[in-house]
Structures are given as C-alpha cells and as structure tokens.
Number of protein chains: 2
Amino acid sequence: MTGTLYVIGTGPGNPDQMTPEARHAVERAREFFGYFPYLDRLSLRSDQIKVASDNREELDRASAALKRASEGIDVAVVSGGDPGVFAMAAAVCEAIDRGPEEWKAVELVILPGVTAMLSVAARIGAPLGHDFCALSLSDNLKPWDLIERRLQLAAQAGFVMAFYNPISKARPWQLGKAFDVLRAELPGSVPVVFGRAAGRPDERMQVVPLADADPAMADMATCIIVGSDQTRIIKREGKPDLVYTPRFHDGGKA
Amino acid sequence: MTGTLYVIGTGPGNPDQMTPEARHAVERAREFFGYFPYLDRLSLRSDQIKVASDNREELDRASAALKRASEGIDVAVVSGGDPGVFAMAAAVCEAIDRGPEEWKAVELVILPGVTAMLSVAARIGAPLGHDFCALSLSDNLKPWDLIERRLQLAAQAGFVMAFYNPISKARPWQLGKAFDVLRAELPGSVPVVFGRAAGRPDERMQVVPLADADPAMADMATCIIVGSDQTRIIKREGKPDLVYTPRFHDGGKA
C-alpha cells in the first residue's frame, strides 16, 4: 500500500486564494517537498516535516517525494500558484515516467490552484478576456530561438500573452530581447502589465505601452501580461486604470 | 458613495475549489447576477437576491449589476471557473467602457478563481506543463476564419491548446472543423483530452489520439486540451493514464 502524493499549489500567495481542497491536503500530508519560499507559506503542525530545496531542482525534489510516497508516507509537493502551470505537476509526471516501475503505483492527487496570470489579470481588469497564451521565458529548458519563434507566432495570432519566469540574475537579457521581438510585430501602444505579488501586501502593478516596456520593471516574482492590438485601457478618476481585452473581435456574428 | 461590484468565479463546480476570498465576497453582496446554473451553486441567505439570466446576455447582465452598484448596493457578478477567462470580468469592463460616466466610479473588485483548463489538467496529469494557449471556439464573438488561423499558428508554435466553448446546438460543426485544421498541422498521435465536470461527481475524462478525436465526445460543459508533439502518455496498471507535457524541450541548456 503506497502513500498518497498530493501535488498542490498555494495560489498567488494570499492565503485567502488557496482552495479549501488544497488546504485539506496540507492537513493530511506528513512530509512537504518544495522550493523554500512556498513551504514557508504553510503553517504546519509539529508532526509535519518540511523538506525544502532550491528552485531548479524540480526533478530531484519530485523523485524524493515519490520515493517517500512509495514507502507508504503521505507527502505533498508544493508549488506556488497552480501546480500544473510551469510548476511541479509536470516534474512529478516526468519523474514517474523515468523512474522505477513502483512509482507508477503511487496514489497521485494533483489539485489545481489560482495561477499567477489569473491573479494579475483580476487586479488590473480583464486582459485575458479573449484568446491568450502562457509562455515561460526561461531558456534553461528550451532554446531561445524557439521562444522567439513562439513570440512571433503568438503576436501574429493576436493572442494576449502571459510571461512566466521573465527574468533572473542568470537570464538578464532575455526579457529585453522578447520586447524587441514583439515591437517588430505589434503596435507600440499595446498595453503591457507588470504584475508583482498580486493580492499580497507588497503588490506592485504597473502598466506601460509596449514601446516603453523595460526589463528593469520586472523581477523573478513578476508575471507580465502583454496585450493584443484589441486590448483597451479605461481611465478612471481617482482609481487605477482598467486594462481589458474585449470578448468581441471585428467580424464576429454577435 | 457607490456599492461594491464583486466579480467572482465559483471555480470548476466543486465547492472545495472556490477560494475563501470569493466565498467572503458572496457573504458581503446583496444581489447576485449570473447565468442561472452558476447562481444555483451558491447557498444564499434569505436577504440575498438572485438575478438569473441566460448565457449570451453577458453585457446586459453586467450593465444591470453596474446600475445597482452605482445606486449604492453591494452586488456580485458570478461566473463559473475564473471570471477573467472567457467570462464576466471582460463583459463588466466592456459595460464600464461603453456606459455612463458614473459607472467608472463603482468600486470594482475582481477575484480570481480556478479556471476549467486547470482543473481538467490536474485530473489527467500535467498537459499544461509547457507553453500553452487558451482559445474560445465560439464564432459568435469572432469570425471563424480567425479561429482557424489561430489554430494553425498555435500548432506551428508548438503550444498545447485548451478549448473553451467547444460546441453547442447553435455551433455544431466548428469543433470537427477545428480538429481537421489541427490534423493538417500535427501528428495524429497527439493526445486530446476531453474533460467534463472535472472534480465533480459526474466527471468524465477521455483521452484519444488527435486522429480519432470526434466532436461527439464533447458537449457545452467540456474543456478540451490538445497536446503538442511533445506531450506524453504514461500507462499505469490499474490506474488511469497520465498525460503530461515535459517542461524540457530539445535544445534547452538544462
């Protein structure tokens, strides 16, 4: 009899945005595997154990959790946001795919959460109200050429874009290059939203036209949303601007 | 002094997947505007009023809620899933953009939720573990030609795709045509996930290769996820297959 391996997301960081379902899983698990800032968000009992690791060690972390679950322990693998979006659910599946046969027998329960782009979008209006895509800008896991090609095709498709992992110390130039690629495809007036820590006390939201988008406006914890040529800004007196993408596109029947 | 207009999502339908933040907003609002099946998910007090409407009346519904909020009433506009993804947040912004000036003064609070593609992904593995896009297949709000073009570009970009509003009585042929467009771009072996009512008692999940994808497998309440040529299937004895897209793409540094 194996233990259960829960893969959970804490949501964007505000505890009120974590689902009750994920919270119940936290109560049931005995050992918690995750990147330490995400584990620090959890209030655990004294009989519960945190096994913190650095980011970029996802596969080792997933394997360690699968090993313990296959030994009969109920464990949780913890991501921020939603575990299925550029996070631990894929790493756990990869570890099962490559690992010993008995890991396939582990009881696996993946619980969805509120991913960063949804919380940033909610704070600023409705930029994801029409077709959109989500890209990780990290070229650790895929070649930079492919990222550029995807940015071009996404712009040509008219997708609003959400960028995860936009910048880091080890990847300082990629975000600026991404903006350059997009400036060749889209009007300079397209709104770009820099959303950091949405819904948390240290929240910072900034909206600039693509022409003025500057990588210095982002850090590792920023989720960036780049509008399409349909995305609009509503000015409100005494309130922050609203950014939204209409559901309707010219040529529809309605 | 205006009332507050909360725009909330109930999540995929399982009450345990609705955030505490959204639940608190439900306690505070006095009048609730939404498509009736979503309103039916809420347990309201006797002093709270439901104003149910049909789907496809989003703009009228948003306007009615804004009018009441501008009169000083705290109201909630209710979507399923996340209100920012093919749902009411964009309709409320559109109504503010087009409506009388005083609607811009309404206190607007949009609260994110778990959108359908995330709950379907969690039940099947991690198909959204790499870059992906989300498209509404409804050609009520945009021309069908644009949808076909987006499908082609998304396939060429290597995006996994999530389809919302895949089919309805008024739109019977579009989903089959979408699969035909994708079969011309992608290998027939690409996994297609039909996820209905994920996380609810009547959940139905089905995985077929793109070559065999059939519109009859979907209804209005289905969210469809089409993999990329990188998406993999893990067979498990006595358990459902896992479908996931690896974080790593050939050519990355890691």
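How many bridges join strand 7 of chain A to strand 7 of chain B, and in which direction do these strands run? Three bridges join the two, each strand covering residues 132-136 of its chain, and they run antiparallel. Strands (E, at least two residues) and helices (H or I, at least four) are DSSP runs numbered from the N terminus, and two strands pair if DSSP finds at least two bridges between them. Within this pairing, Ala134(A) stands opposite Phe132(B).

The model is predicted, so local features need pLDDT of at least 70 and side-chain atom pairs count only at pLDDT 80 or more, while totals for chains, interfaces and linings use all residues. Residues are numbered from 1 along each chain as its sequence is written, chains are lettered from A and ligands numbered from 1 in the order in which they are written, and side-chain values use heavy atoms, with hydrogens and water left out.

The contact between the chains (heavy atoms within 4.5 Å) takes 78 residues from chain A and 78 residues from chain B. The buried area is about 6,600 Å², with carbon and sulfur atoms giving 59%; this is the accessible area (1.4 Å probe) lost on putting the two parts together, summed over both. On the chain A side, Leu141(A), Arg150(A) and Arg247(A) lose the most area to chain B, together 12% of what that side buries.

Arg247(A) also meets Glu94(B) in a salt bridge at 2.9 Å, N to O. A salt bridge here is a side-chain nitrogen of Lys or Arg within 4 Å of a carboxyl oxygen of Asp or Glu, and the rule finds 12 of them across the interface. Helix 4 of chain A (residues 88-98) gives the most to the side of chain A that touches chain B, with seven residues.

Over all chains, the search finds 38 salt bridges. One of them joins the side chains of Arg68(A) and Glu31(A) at 2.6 Å, N to O. This pair links distant parts of the chain, with Arg68(A) in helix 3 (residues 58-70) and Glu31(A) in strand 2 (residues 31-35), 37 residues apart.

In chain B, three strands form an open sheet in the order 6-13-12, with mixed pairing. Strand 6 (125-126) and strand 12 (232-236) are the edge strands, each pairing on one side only. Four bridges join strand 12 to strand 13 (residues 239-244), and these two run antiparallel. Arg232(B) stands opposite Tyr244(B) in strand 13.
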